[in-house]
Structures are given as structure tokens and as C-alpha cells.
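I opened a notebook for this structure. The entries below follow the order in which I looked things up.

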Amino acid sequence: LHMGKTMKEDLTVVVKYIKQLYPPEFNVFSTYAELYHNYFASQAKENAESHLEDKDIYLLLSWVHNIYPKDMRKDHVLAEELEKVKLGSLLPSSLSKELEKKYLDSEEATIKNSLSKCLDKEIQRWKEDKEPEKLNGHFQSELLAIFVIQSIYSGQKRAKDISVAVGEELSRRLWQELPVFLRSYKDAFEDFKEKSKKHRHYKPILIASVNNCWNFRDYAEKNMAEKDDNKASILSTLGDIENSGFDVLLQQLFAQLKPIYKRFTENKWDSSNEIMNEIIKTTSKHISEFRTLKDPFYHAIVEKIHARLVKEYIVRLLKRKVSLKTPAQQQNLAQSISKNAADLEAFCTSNGSQATWLNSALPKLAEIIRLQDLGAIKIEVATLATTYPDIRKKHLEAFLCIKANLSRGELKSILGYLADSTASTSPGAPLFSNINVS
């Protein structure tokens, strides 16, 4: 700093007062500038070749890339004259590169170490007998995400302040480090999930940990290039954590719903409205606790519930437990299914499900049961197959057992129509492909 200040002040005196005392051909300013520069560069080289602490390496690189070329040589009084002298860098390129590597290695190791310590603290917090804090009604454990993101951002900014190239290289290294850190986070999360089921605040901690993923997801989406493999790896790991958390949070609900759904076929679809009301009531109790998830995750888990409720209903329709011979019986069942479908849709939509693609599955199945004209049934089957291209012959065959007044020829004709209509269709959102037919 002393050398820099002296050089700047002295060269300013040369420009303002001394230069005009000499003939132009003496190039007196060049002589002074080169002598000062050479001395400064020799001191910088001497420092660079000695053992330096990390902060000294950072300061020296700041002088080489930033302070010397920008603050001093671009000074409004000196810039024009220094432009004519063409002074080189303070350090030889090879020595500068060596220092940059030392700085990058050290900074990467420091940040990596601090992320590891931060994760250890987070794991320790999970073990404490404390419920996570809430922010805007959502459980949060955001210190982890905030600290990790700030550590990476601060490291990138410090490096960028040295030079764009150094900043880019550290960013590249840290963006390779983030997926590694998140995989460690995922392992710790899975470990807690499996071993701490009796923890008093088990679910709130799982919810807070899932909510943590949002900040990481948002950071990756906004700051990393679309085709960056690290970004894909980060988003994949976050997706695994989120889905793993959802699976645990939904276990109890789905276990409670299973025996209720069985009653549809056990009762031959009588009292289906009462059964559907019980399904909705049971689900509603669980949904209230999921509201502590951040909005994107709340919507995601509600859509999973929506898909499961529709799927389980279809599973019961494919059980071959009901065989109706008369159009009147089929009409009654179709009405019950339509009513159940409307109640289910209203419930899921009112609770924030945006999975509108599920809403037509049950009404279309009800319509196939209601219709008696073979041509009309085929058209409805084709429409169903267009909307849900993963439906297969085995699904439709099991479902059509309900329509006991179809002849073998009619059944074969309908099934053949489905095979034709789905042959060239690529699978869309999965619904039927998740249903095994016994």
C-alpha cells in the first residue's frame, strides 16, 4: 500500500511539474514510470516467491489483477501518460498462475470445510428435542440453505473481485461441490428418516428439511446454466429428498385409506357416497398438517394425494368383484361413480391440487358403464385411451367385467379397438401404468 501510494503520488508530481522541465525527447515520465514499476514488480515477485498466508495471496492477486492495473494505471491524471509507456504486469504470468491455483485450492477447501461443519450442526439440530421454527406458517430450518448459498456466493464474489477468470474458475469448482454437499445432506436426511421415527418432532423436522430444498432449487435454477450437468445432478438430488419426505409423510394416510377403499367392492358399491365421504374426511385431517410445507411442496404433495385417491378408486373398479347384467344396474353404478368423482374433484381442487389431468378418468369410466350402444362405448374407450395413453387391454378387460351383458364378440371388438387406438401413442402422465391387474 505504501509503495502504491508513493508511486501514484510521485508520478503525479512528475506529470504536473517535472515533465515540462525536460525536452520531450527525454521521455522523462517513461523513465520514472519504468523505474517505479520495475522496483514495485521486483518487490511483488519477492513476496510471491516467499511463504504467504491465504489472505496475503488474495491481497497480492488483488494488486496484480485489480488495484494496480485499474486504480493506479487508470487514474485520470496518469492514464494518458502511462498508456504510452506500456508497462507489463506486476508478476510474470507463470508466477501469477501459480498464486491463483494456490488461492483457488485454499478457497475451495475452506468453503468445503465450512459446508461440512454446517451440515454437522444441522444434524445436531435434528437430534435436539425442539420443534423447528415457523416462518409464514411453514416449518423452516433455513440456516443451512442460507449459510451454504451465502458461502458459495461470497466465495464467488471474492474471486470475481480478483478477476473474471478467477471468479469463473472458483464458480465452476463450487458448482461441482454443491451436488456433493447435497448428496451428503440426502444421506443424513435418509439416516434421520430411518432411525428417528420415535423423535417427538419427527414429521416437523422432515417437513423443515423438505422446505430447505426450495432455496437450493431456486438458487440452482437462477444461477446455473440450463445444460450444466451439475445443475441436473443438484435438481435430481433435491427431487429425491423431496419425494422421500413425501413418501414418509403420506404413509400413515395411505395405510388408513386402504381398508376404507376395500369397502367399495365388499359392499358391491352400495353406500359408495358414505365411503367417499369417509375417504375425504380421513384425507382432510392429514392435509391440514401438510400446510406447513412451502407452497410448491404443498401443491406437489396434494397432487400426489389426488393421484392416489383416483388410482385406488380405479383399482377397486378393476377387481372383477361386481358383475351387473342389466342396463338399470349399470346406470345406477355409473351415477354413483360420477357422484364420487365430482366429490373427489371438488375436495382435491379446494385443497389446492392442480392435477386437472386426473379429473376426467372416473367420469369416462362411468360413461363406459352407462352406455349400452357398442359404437358409443368404442368412441368413449378411444377418448379414454387418448387422454390416458398408458391404459392397456388388461385394464380394460378387467373393468368391462362389470358389464356382464356384453357378448364375447362385443368384448373382443372393444378390446381390439383399444389396441388400435393406443398402438402409436406415447405414454403421457402415468395413471394406469401404476395399476397392476390381478
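Is Glu 226 buried or exposed? I noted first that the model is predicted. I then found that Glu 226 has a relative accessibility of 63% and therefore counts as exposed.

**Entry on salt bridges**

I followed Glu 226 to its partner, Lys 231; their side chains meet in a salt bridge, with 3.2 Å from N to O. Lys 231 is at 3% relative accessibility, so I wrote it down as buried. The cut-off for buried is under 20% and for exposed over 50%.

I looked up the total and found 28 salt bridges. One of them joins the side chains of Glu 81 and Lys 19, at 2.7 Å from N to O. This pair links distant parts of the chain: Glu 81 sits in helix H4, Lys 19 in the loop between H1 and H2, and 62 residues separate them. I listed Glu 81 as buried because its relative accessible area is 12%. Lys 19, with 33%, went down as partly exposed.

I next checked Arg 217, which forms a salt bridge with Glu 242; the closest N and O atoms are 2.9 Å apart. Arg 217 belongs to helix H8 (residues 202–223) and Glu 242 to helix H9, so the pair ties together parts that are 25 residues apart in sequence. I recorded both Arg 217 and Glu 242 as buried.

I also found a network of salt bridges that links Lys 101, Asp 105, Glu 108, Glu 169, Arg 172 and Arg 173.

**Entry on aromatic rings**

How many aromatic pairs does the structure hold? I found 16. In one of them, the ring centres of Tyr 22 and Phe 26 are 6.0 Å apart and the planes stand at 45°, so I noted the pair as tilted. Tyr 22 has 37% relative accessibility and therefore counts as partly exposed.

I then turned to Trp 126 and Tyr 185, an aromatic pair that is tilted, with 6.1 Å centre to centre and 45° between the planes. I put down Trp 126 as buried at 4% relative accessibility, and Tyr 185 as buried at 0%.

**Entry on surface patches**

I went back to Tyr 22 and Phe 26, which together with Leu 21 make a nonpolar surface patch of about 350 Å². I located Phe 26 in the loop between helix H1 (2–18) and helix H2 (28–49).

I also noted a positive surface patch formed by Lys 258, Lys 262, Lys 268, Lys 319 and Lys 321. Of these I placed Lys 268, which lies in the loop between helix H9 (229–266) and helix H10 (272–290).

**Entry on positive phi values**

Where is Trp 269? I found Trp 269 in the loop between H9 and H10. Trp 269 is not a glycine, yet its phi is positive, about 70°. I recorded Trp 269 as buried because its relative accessible area is 5%.

I looked up Lys 86 as well, and its phi is near 55°, a positive value in a residue other than glycine. Lys 86 is found in the loop between helix H4 (79–85) and helix H5 (93–127). At 63% relative accessibility, I listed Lys 86 as exposed.

Terms used. Residues are numbered from 1 along each chain as its sequence is written. This is a predicted model: local features need pLDDT of at least 70, side-chain atom pairs count only at pLDDT 80 or more; totals for chains, interfaces and linings use all residues. Side-chain values use heavy atoms; hydrogens and water are left out. Patches are made of residues with over 30% relative accessible area and no salt bridge: like charges are joined within 9 Å, nonpolar side chains (Val, Leu, Ile, Met, Phe, Trp, Tyr) within 5 Å. Accessible areas come from the Shrake-Rupley method with a 1.4 Å probe; for residues, only the protein chains shown count as cover. A salt bridge is a side-chain nitrogen of Lys or Arg within 4 Å of a carboxyl oxygen of Asp or Glu. Lys and Arg count as positive and Asp and Glu as negative; His and the chain ends are not counted. The place of a charge is taken as NZ of Lys, CZ of Arg, CG of Asp or CD of Glu. Helices (H or I, at least four residues) and strands (E, at least two) are DSSP runs, numbered from the N terminus. Buried means under 20% relative accessible area, exposed over 50%, partly exposed in between (1.4 Å probe, protein chains only). Rings of Phe, Tyr and Trp (its six-membered ring) pair if their centres lie within 6.5 Å; planes under 30 degrees apart count as stacked, over 60 as edge-to-face and the rest as tilted.
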